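Subject: Structure handover

Hello,

Here is the structure for you to look through. Please open it first, then read my notes below.

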Amino acid sequence: MDALLVKYFSCSLCNKILLEPKELPCHHVYCKQCLDDSQIHNQESKCKKCGSKFHLQNGVASLPTNNSLKILVGRLIAGVKVSMVAPHPECTECEENAAAI
């Protein structure tokens, strides 16, 4: 299981498991810590994978977290089998927000 996590669910900058996956506007994902360390705050930067330019006006925290990936990695780490037939992992935050509406 560890080899699977490292091969498919690791940050291409630090090669560690994506625990806090942040998604760039080009949809490539890096861990929050690497983006924080890369000094991309409030300046124009390029994606390391595709070269797309982006500008963060409010720093790394303003990038969306890829919650589906975060949940999947969390379940894999916890040893819970995730069915590939299911449409997507459950999102309790979405369910809580829907109940409040």
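**What was found**

Asn 15 sits in the loop between helix 1 (2-8) and strand 1 (21-23). Helices (H or I, at least four residues) and strands (E, at least two) are DSSP runs, numbered from the N terminus. This is a predicted model: local features need pLDDT of at least 70, side-chain atom pairs count only at pLDDT 80 or more, and totals for chains, interfaces and linings use all residues. Residues are numbered from 1 along each chain as its sequence is written, and side-chain values use heavy atoms, with hydrogens and water left out.

Asn 15 is not a glycine, yet its phi is positive, about 60 degrees. Most residues other than glycine have a negative phi. Asn 15 is exposed, at 55% relative accessible area. Buried means under 20% relative accessible area, exposed over 50%, and partly exposed in between (1.4 Å probe, protein chains only).

His 27 lies in the loop between strand 1 and strand 2. His 27 also has a positive phi, near 80 degrees, and is not a glycine. With 57% relative accessibility, His 27 counts as exposed.

**Cysteines**

How many disulfides does a search of the whole structure find? It finds 0. A disulfide here is a pair of cysteine sulfur atoms within 2.5 Å. For Cys 14, the nearest cysteine sulfur is that of Cys 34, 3.5 Å away. For Cys 34, the nearest is that of Cys 31, at 3.3 Å. Cys 14 is partly exposed at 28% relative accessibility, while Cys 34 is buried at 13%.

**The salt bridge**

The whole structure has 1 salt bridge (a side-chain nitrogen of Lys or Arg within 4 Å of a carboxyl oxygen of Asp or Glu). Lys 32 forms it with Asp 36, and their closest N and O atoms are 2.8 Å apart. Both residues lie in helix 2 (residues 32-37), 4 residues apart, about one turn of the helix. Lys 32 is partly exposed at 23% relative accessibility. Asp 36 is partly exposed too, at 22%.

**The core**

A nonpolar core is a set of buried Ala, Val, Leu, Ile, Met, Phe, Trp, Tyr and Cys residues joined through side-chain atoms within 4.5 Å. The largest one has 19 residues, and Phe 9 and Leu 24 touch the most other members. Strand 2 (29-31), helix 2 and helix 3 (67-78) each supply at least two residues of this core. Helix 3 gives the most, with 4 residues.

Leaving aside neighbours within four places in sequence, Leu 24 is in contact (heavy atoms within 4.5 Å) with Tyr 30, Leu 35, Cys 47, Phe 54 and Leu 63.

Best wishes
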